[in-house]
Amino acid sequence: MTEKTTVAATASAAADDTIEHVPVLVVGGGPVGLSTALFLTRHGIKPLLVERREATSRLPRAPGIQARTLELFRSAGLEREIRALEMGNTRPYFEGGILRTRTLAEIDRAEVVEAPSLDGPDISPVTIMGCGQDRYERVLLEHARDAGATALFRTELVDLEQDAEGVTALLRSLDDGSERRVRADYVVAADGASSPIRRRLGISQHGRGTVFHALSIYFRAPRLEEVMHGRKFILCYATGGPTTMTLSRLHGCDPWAGAALYDPERESPADFTTERCVQVVRDASGVPDLDVEIVATVPWEGAQRVADTFRVGRVFLAGDAGHVHPPAGGFGANTGIHDGHNLAWKLAAVLRGWAHDGLLDSYDAERRPLGSAMAEQALLRNRIRHGLAPDGDQDRMVDDIVVTLGYRYTSSAVAGPAHAAPLLPGLDLSGAPGTRAPHVWLRRGDERISTLDLFSDAFTLLTADGRWCDVGDAVAARTPVPLRSHLVGRDGLVEDGADWAACYGVSRKGAVLVRPDGFVAWRSPDGGEDDPEAALLEVLTRLVS
């Protein structure tokens, strides 16, 4: 994966001879780029992030933060701060599901077209929440900068060229046109669905292509809450007017967020004047004289496309650059943030010298099949919600909680049998290698913690047998791979409810090895290895090779 790949031969000649070196260049300052930069800093890597916009998002996009995403923010120490951004308790809105009605004034008679499965205290230490990226992006940026990341806004990537040792990037300020060259060990392309980096690298895509065109309409309408009688829901499709409008409820109502569908063969975003947008909202509300103020409009495309590879040499695609799909399910930003978390610990491991380049291939092996599966699930939901689903679509739809918490990895970074597919019909978090480690409540002194709180920046060995702790300590002394051992049931770490070993699929004499990203890497169900130290050392070495 280190063969020379030239994207633009002009890069090295377009700026002066001064080259700044950074370990990772992150291109794109949305939720995916910002979270990737943040996660890198949590592993001791100080990236450079560049973004064309002048600041973080000012619109409440991507408002659903899934439990898994909040678990990742928890591992980075941000759960409480992100949770504090929530406007009231948004869980009842998720429980209200996806609705379809003729007008919002008739919402009491709305059809529930989808009731997503959520989470719970036996599944996760956190719960799903609503919060627009206009709020949480600022938190991600602040903490990434505080931890050493550099973020340059109003800056674009002009060209890049890579060779076996690194990537040379040409950056340009959109304020004064000045240019600078940066030499990076690796580049993360989080530059969106149209990803210039993906196109420059010649990475092709597959999928269904464009599914629909829409215009997001952000508006204020003080009477709308009264019109809807306070009904709580995630989304509601109002189909009674000339233009179907979808209303989101997850981020509050100042402004509201609506999305109007349109046919590009008959009209364009330019046809949606302020007056027409006001009328679209009024038609959807069912109140002809509703007071409406349009705040902003943003055209976008609902599409399903997945890149044919997420890695070319030292450049990696993350988020919409790698996989784009209709927003049904809220899988977009959340999945992209999960991409960044998966990639960050692997890049850090290689940069810090305790893993080999082959570990980076596992990013594509793990995240690309999942990106394809999630894109298909989003497309199924989109068809069902619009009443366009052919026979069989409903049967192929997997519960949201499986898509967000129950996905499975098969790669060289997992020591266990291959999984038939990244998504199974039902949720199965029983400690199998390649799955997210089960959440089990523990007590550490007076503090109640989750097993998930034990996983962050190192491999972790969990066991109830002191012999395995001795083995873990011995292996940690023999390898540069960071490894911690936790003896559950002694030394102040005790179960607070469920039997952790049973939840992880091992006996009290067994052991489980968990990766820094909280996924099970390997387990010894009964601890019966003839030479446990040699077995653990061998598997740990193989996982990072």
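Predicted model: local features only at pLDDT ≥ 70, side-chain atom pairs only at ≥ 80, totals over all residues.
Buried here means under 20% relative accessible area, exposed means over 50%, and partly exposed lies in between (1.4 Å probe, protein chains only).

Figure 1. Residues are numbered from 1 along each chain as its sequence is written, and side-chain values use heavy atoms, with hydrogens and water left out.

**Figure 2. Overall fold and dimensions.** We're looking at 15 helices and 26 strands (DSSP runs numbered from the N terminus: helices are H or I with at least four residues, strands are E with at least two). The C-alpha trace spans about 75 × 60 × 45 Å along its principal axes. Counting a contact as heavy atoms within 4.5 Å, 70% of the contacts between residues at least 6 apart in sequence join residues at least 24 apart.

**Figure 3. Close-up of S57 in its loop.** S57 sits in the loop between β3 (48-51) and β4 (64-65). Its relative accessible area is 6%, so S57 counts as buried.

**Figure 4. Close-up of what surrounds S57.** Leaving aside residues up to four places away in sequence, S57 touches Q133, D134 and E137. The S57 side chain also reaches the backbone oxygen of L59, at 3.0 Å; that's a polar contact, meaning a pair of N or O atoms within 3.5 Å, where within protein one must be able to donate a hydrogen and the other to accept it, and residues adjacent in sequence count only if both atoms are side-chain atoms.
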